[in-house]
Amino acid sequence: MEKAKETYVLKMDNIAKEYYGNRVLKGVNLHIRPGEIHALMGENGAGKSTLMNILFGMPVIHTTGGYEGTIEVNGSAVTIDTPLKAMELGIGMVHQEFMLIPGFSVTENIKVGREKSVPNLASRLFGPSMESLDFKAMRKDARKALKTIGLQIEEYVKVAGLPVGYMQFIEIARELDKTGIQILVFDEPTAVLTESEADRLLEAMRVISSQGIAIIFITHRLDEVMAVADSMTILRDGEFVARKEIKDTDVVEIAELMIGRKMEKLVDNDQEDLRAIDDSQIAVSLRDYRVNMPGEQVKGIDLDIKKGEIFGIGGLAGQGKLGIPNGIMGLYKAHGQVKINGQELNLAKLGDALDHKVAFVSEDRRGVGLLLDESIEQNIIFSAMQTNGKFLKKIGWMQLYDAAAGKSHAEEMVKTLDIRCTGIRQPAGALSGGNQQKVCLARALTLEPDILFVSEPTRGIDIGAKKLVLEYLAKLNREQGMTVIIVSSELMELRSVADRIGIVSDGKLACILKPDDSDADFGLAMSGAWKGGRKDA
Amino acid sequence: MNKKSKFNVWDFLFQNKVVLMFLVLCIGATIASKQPLTFVIPELFTRIARNSFIVLSLIIPVIAGMGLNFGIVIGAMAAQVAIFFTTYWGLTGIGGFAATVALSTPIAVFFGFLVGKLFNYMKGNEMIGGLVLGYFAEGLYQLLFLFIFGGVIKLNNSDLMIATGVGVKNTIDLKDTVKYALDTVPMLTIVEVGFYLTLIGLGCSAAFKVVKKQAVDWKAVAVKAVAAAVVYGLTFIKPVERFLSADRLLLLSAVELGCLLTVLWQAFLFARWKMLSKRADEDSILEPLNTQKMIAYVALAAVVYGLTYIPALYKVLIAVKLPVMTYLCIGALCGFNNILMRTRLGQNMRTVGQSRTVANAAGINVDKTRVIAMIFSTVLASWGQLIFLQNVGTLSTYGAHTQVGQFAIAALLVGGASVQNATNKQALLGIVLFHTLFIVSPLAGKELFGDPAIGEYFRVFVSYGVIAMSLAMHAWKKASKPKLESDGEGSAEAA
Amino acid sequence: MRNPLKPLVEKFGLPRVIIVSFFLFLIAAAGMFQMNLMQLLSDCLRRWGMYGILALAMVPAVQCGIGLNFGISMGIVGGLLGGLIVIQFRVAEMPSLVAVHPLFAMWVAVLLAIVIGVLLATGIGYLYGLLLNRVKGSEMTVTTYVGFSIIAFMNMMWMLLPFTDGELIWPNAGKGLRNTISLAASFSNVMNKTLAFTIGGVTVPTGLLLFFFLMCFLVWLFMRSKTGMAMSAAGANPMFATAAGINVNKMRIIGTVLSTVLAAVGILVYAQGFGFIQLYNGPMMMGFTSVAAVLIGGASPRKARIAHVLIGTFLFQGIMALGLPVANQFIPESNLSEVARLIISNGIIIYALSQVKGGSGRE
């Protein structure tokens with residue numbers, strides 16, 4: 001409308017941020033006009049959450065050395081150093097996980113921490129915390145806020161029994177009830193909603209923005225952006241890529257911008273590819289495969305992975321790619337048919353995958369992958385001892401640990417994988433991320449598997465170790481014919497080692513792509529434009 | 001919505017299973033003990049007077065999410081330190097009792113603060129922590145009473161100290177000091193003091209407003225003052241004065257008064273509603289008058305009054321004499337628990353109790369709120385212990401506090417409370433059931449097994465068992481909750 | 001200037017430094033009062049062996065992930081029943097056994113008691129383990145009260161169980177079992193006396209210590225077996241164990257059963273050294289004493305080793321053994337040492353609880 005003036009309610013310029021020498025934001029700009037819906041897009045790790053943490057003055061920013069750049073709210077420069085300050089400036093946030101109390105009524109939830117109260121004799125003597133609550137005034141406020149977003153519920157009902165979709169609205173109502181709210185951040189609000197609920201939410205966003213409140217909308221779903229946003233900012237690897245008006249762009253361009261044209265080679269493929277992959281030899285076959293892993297739900301996947309190939313599984317966080325290996329290994333409840341080398345896996349039986357010579361390196365190294373207090377030796381030999389009965393000697397009826405055998409194997413592994421440590425007795429928790437990952441790998445290899453699942457192999461490790469790990473995986477595949485399945489959020493790394501890449505979106509397989517397919521294809525597949533649809537390759 | 005209209009008997013039975021089980025147990029044990037109600041009921045009312053206050057002191061920490069406060073033992077210790085000193089100084093009567101309360105309060109505040117601080121270090125482990133802390137404090141308490149009193153602090157009083165001069169005697173007789181100090185406050189005095197307090201309160205309130213230059217509703221103040229004066233004036237009528245000059249109230253009179261007040265209250269509600277509805281404007285939402293409920297109340301009052309004419313009940317009712325002041329204190333604490341929850345602080349406590357994460361995000365100082373809850377509970381527990389001691393009349397120096405937490409918590413749970421939810425009603429119901437069992441179980445044991453000891457062991461087992469069961473059920477629910485949630489998602493998924 | 005004690009305090013925790021200093025102080029004080037140090041040392045050794053196995057019961061419990069097992073009373077009850085049955089049938093007085101050697105008869109009696117106790121404890125422990133698998137994350141709170149409850153429940157049982165032997169039941173008209181039952185006619189001090197010798201005034205209860213060490217060795221062996229290592233992994237990181245195909249709940253039950261069984265053995269070893277079986281509320285606080293002992297030895301609610309048991313029990317019981325006579329020098333006929341026991345044992349438990357961050361989560 002009045003574009004010539006270009007007044008912004010929020011201007012963040014040249015924002016940069018370092019975490020322990022690691023630059024996660026490299027001069028990012030974010031400009032928001034009053035009353036517009038502005039989409040903030042980017043892959044995982046693009047810097048969206050860091051940017052929002054800076055906007056909210058979260059302690060994590062200020063305990064790690066603050067940020068660079070300027071923030072202006074309504075044209076005047078501000079420093080936001082506490083969440084309280086952000087609140088005073090009229091910046092609110094609708095959380096992805098609900099910050100609601102089920103046992104409280106809608107009113108109480110909306111007014112939590114900001115109750116209205118009237119003074120009484122006790123409060124005059126002992127201070128304002130003894131003031132009695134003014135339920136009538138609170139109910140009135142709640143009703144007003146609910147009316148704003150068009151939610152038809154009674155303000156006195158308890159939140160506990162309400163459907164999930166309503167809870168999001170109550171969160172929004174709470175933010176709206178804060179006085180002088182100007183900017184409202186929605187952090188992936190539709191992730192937990194059904195389709196019709198999501199539509200209602202988008203409608204509510206339009207209503208809110210029409211009242212002059214600007215909305216920053218963080219999402220991965222391109223269709224939602226196209227439907228509701230006025231403008232957008234794209235970040236990639238902590239860098240500012242573009243600010244676009246939605247009417248000037250289209251889905252394909254956005255997808256391309258998100259993925260980027262950068263294509264470094266992570267792996268030196270000097271080895272000749274002598275593999276003969278037989279299309280009829282299926283190593284892993286999934287049919288209507290579902291996994292109930294919180295935050296990474298798999299909602300029915302059909303997939304065949306050929307024997308001897310390196311298969312990549314990509315997709316954004318929370319879309320379900322991590323659920324695939326975790327379900328097979330029995331860490332979360334899984335349903336459907338899983339065949340390993342033609343034999344059906346009993347998903348209800350713990351450890352059945354291990355018995356079928358499937359090994360797994362978990363994405364959660366510290367939580368699932370390691371016994372942090374135990375020695376490197378223990379960590380390496382443990383699974384093979386429990387599953388294959390290795391490193392045990394029999395004395396009478398007892399099966400005792402064969403310390404000599406375990407020690408020599410662990411030392412060998414430390415040498416082969418170049419694990420940097422003071423000795424095999426060092427606790428695994430004391431190692432660096434890269435070396436911990438190698439220990440996890442060593443344990444998986446000690447099982448001598450046919451099929452190796454590696455989840456997020458390079459998360460949180462430095463570039464040198466990254467390369468080494470990926471090259472080692474490629475070597476295992478080339479030399480031993482091991483089927484390797486890499487699950488990763490980093491598309492680049494999948495595209496540099498995998499033969500085929502399956503993209504998972506919303507718990508379903510969006511498509512299978514080749515490493516040299518176009519960026520736009522990858523971008524569209526990951527952003528849910530092909531929901532459960534297009535299959536080729 | 002349909003659920004509400006259809007009253008499900010099975011749901012009701014299931015939700016109140018603990019209470020119902022104990023109700024059956026109590027009735028059974030009472031019958032087995034072959035004791036007349038004229039013995040059991042008066043005994044029960046004595047125990048209600050003694051123990052209610054301390055059980056009610058458990059409610060605030062439950063609401064603040066700190067579970068069952070096993071640390072009230074420490075409050076009891078504060079009370080006993082205070083009562084030791086006032087006995088040593090020779091303070092007596094209601095004045096002595098007031099001095100003891102005044103002395104025990106700062107000690108309990110200090111202890112409560114320390115306990116609260118410590119509990120902030122062991123969030124999620126408060127209950128086991130509180131229990132162990134109780135034993136730890138027991139060690140320090142013994143150190144104080146056995147060695148420091150007399151050993152380090154020289155105390156000369158052969159009535160209190162062991163012959164060697166170091167250490168306090170096993171039992172301290174309170175007969176000549178504060179025994180029945182609170183129980184024997186005459187009703188007349190209570191009304192009189194109440195009248196003056198009301199006047200002071202009204203005066204202060206008005207004065208504050210005047211100083212702060214706010215509008216004062218002088219008419220309302222005057223009406224309240226006059227009402228207070230009228231009530232006070234009634235006490236000058238001879239028969240009323242005679243009735244009020246006693247310190248104990250016959251249970252019969254209490255029931256009659258209760259019926260009368262119920263009817264009067266309903267009449268008052270009706271009158272007020274009539275008046276308000278006359279000048280109602282659109283803005284104020286007048287809740288519709290529930291006439292059915294009112295009639296039910298009046299009818300109930302009439303029925304209860306009628307029941308008093310049944311000879312068997314009449315015999316029981318004239319056998320019980322209630323110490324008025326003590327019961328008033330218990331009632332006041334119930335009121336306090338309720339009113340606190342309607343203040344900003346109380347709402348913060350509830351929020352913290354429901355979810356520390358949400359409370360933090362809403363800008364509530366979680367740690368501070370928890371410490372305050374702990375201080376409240378400890379202070380109230382120390383007062384409760386003083387009420388207990390003045391009624392019992394002897395202080396068993398090394399034993400009076402040891403089982404306080406155990407029995408108070410068991411009583412609360414028997415009333416249907418849980419680790420996360422407790423109300424005044426549950427506390428009072430629990431006391432009635434638990435102490436009935438306490439009175440009759442040795443006698444029932446004697447009748448059934450020929451040995452009262454079995455009954456005694458049984459009631460101890462009950463107190464431990466009910467706590468163990470409640471804790472296990474709470475932990476069970478907590479552990480299976482995430483599973484349920486994910487199952488729910490799974491089924492939504494399938495559908 | 002930095003405080004030279006600081007690294008020491010950081011490594012071992014303040015309470016442990018205090019306790020060790022207190023122990024050293026007691027030795028110095030005992031020396032100063034010219035007490036019979038050799039006799040005190042004998043007493044330390046005797047208590048070490050007596051209480052050791054009860055503390056050892058904490059190791060499998062902590063390692064399998066249920067944390068400090070305040071509920072070892074579950075096993076204790078089993079052990080007590082074993083002891084009572086052996087006395088009831090007067091095994092130690094069977095002529096055929098006594099004919100071999102009186103000490104042999106006593107050994108048969110105590111071992112039989114242990115076998116019965118172990119069998120009972122296995123059953124109880126299994127049920128107990130099932131319960132604990134339902135209350136993950138709050139085991140300590142629950143075990144404490146379940147432990148108290150079983151003691152209270154057995155109080156009724158002691159009145160009602162059909163034991164008839166004169167040694168066991170109240171003389172005259174009383175009903176039920178006695179409070180304290182003398183073992184003089186059955187297996188009193190059988191372990192303490194076996195192979196005992198005195199060297200330089202120090203009496204070494206060889207049999208007792210050998211039995212204690214044997215138990216430690218067996219637990220150590222188990223911890224190095226396939227199952228034992230799986231159990232430790234299940235306790236340290238349940239997700240890790242699951243990923244390795246281990247049934248975590250089963251491992252927790254194994255650990256619980258083992259802990260309960262060791263408690264049953266422990267109480268019998270304690271009883272034979274003490275010379276009496278204590279019923280009713282006697283064993284109520286045994287759980288606390290044992291927990292305190294391993295904690296003093298350096299264990300935490302997440303990790304306990306055999307070494308913690310050995311060191312902790314020796315220190316704790318050493319303080320108890322030295323404390324009483326030393327305290328009597330300060331204030332005659334006082335129970336200062338009882339007060340010290342309360343403060344030390346509960347103080348160390350509180351310290352350990354306050355170190356646990358965020359309940360039972362990983363890391």
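# Notes on the three-chain contacts and salt bridges

1. Let's start with B:Glu241, which is partly exposed at 25% relative accessibility (buried means under 20% relative accessible area, exposed over 50%, and partly exposed in between, with a 1.4 Å probe and protein chains only). Its salt-bridge partner is B:Lys238, with the closest N and O atoms 3.7 Å apart; the term stands for a side-chain nitrogen of Lys or Arg within 4 Å of a carboxyl oxygen of Asp or Glu. B:Lys238 is exposed, with a relative accessible area of 58%. Both residues belong to helix 11 (residues 238–244) of chain B and sit 3 residues apart, about one turn of the helix. Helices (H or I, at least four residues) and strands (E, at least two) are DSSP runs, numbered from the N terminus.

2. A word on the ground rules. This is a predicted model, in which local features need pLDDT of at least 70 and side-chain atom pairs count only at pLDDT 80 or more, while totals for chains, interfaces and linings use all residues. Residues are numbered from 1 along each chain as its sequence is written, chains are lettered from A and ligands numbered from 1 in the order in which they are written, and side-chain values use heavy atoms, with hydrogens and water left out.

3. Over all chains, the structure holds 37 salt bridges. One of them joins A:Lys111 to A:Asp141, with 2.8 Å between the closest N and O atoms. This pair links distant parts of the chain, 30 residues apart: A:Lys111 is in the loop between helix 4 (106–110) and strand 7 (117–118) of chain A, and A:Asp141 is in helix 6 of chain A. A:Lys111 counts as buried at 3% relative accessibility, and A:Asp141 is buried too, at 19%.

4. A second pair in chain A is A:Arg495 with A:Asp519, whose closest N and O atoms are 3.0 Å apart. As a reminder, side chains of opposite charge can pair when their charged atoms come close.

5. Now the interface of chains A and B. Here 28 residues of chain A are in contact with 30 residues of chain B, contact meaning heavy atoms within 4.5 Å. The buried area is about 2,600 Å², and carbon and sulfur atoms give 57% of it; this is the accessible area (1.4 Å probe) that two parts lose on being put together, summed over both.

6. The rule finds 1 salt bridge between the two chains. It also finds 7 residue pairs in polar contact, both residues at pLDDT 80 or more. A polar contact is a pair of N or O atoms within 3.5 Å; within protein, one must be able to donate a hydrogen and the other to accept it, and residues adjacent in sequence count only if both atoms are side-chain atoms.

7. On the side of chain A that touches chain B, helix 5 (121–126), strand 8 (132–133) and helix 6 (135–148) each supply at least two residues. Helix 6 gives the most, with 4 residues.

8. In chain A, strand 19 (residues 392–395) and strand 20 (residues 398–401) pair in the antiparallel sense over 4 bridges (strands pair if DSSP finds at least two bridges between them). A:Ile395 stands opposite A:Met398, and A:Lys393 has A:Leu400 as its bridge partner. The two strands form a hairpin with 2 residues between them, and A:Gly396 in the turn has a positive phi of about 60 degrees.

9. Two other residues of chain A deserve a look at their backbone. Most residues other than glycine have a negative phi. A:Asn341, however, has a positive phi near 50 degrees; A:Asn341 is in the loop between strand 16 (334–340) and strand 17 (343–344). A:Asp418 also has a positive phi, about 55 degrees, and is found in the loop between helix 15 (403–416) and helix 16 (433–446) of chain A.

10. Finally, chain C. C:Arg16, in helix 2 (residues 14–32) of chain C, is buried, with a relative accessible area of 14%. Beyond its neighbours within four places in sequence, C:Arg16 is in contact with residues including C:Leu295, C:Ile348 and C:Tyr351.
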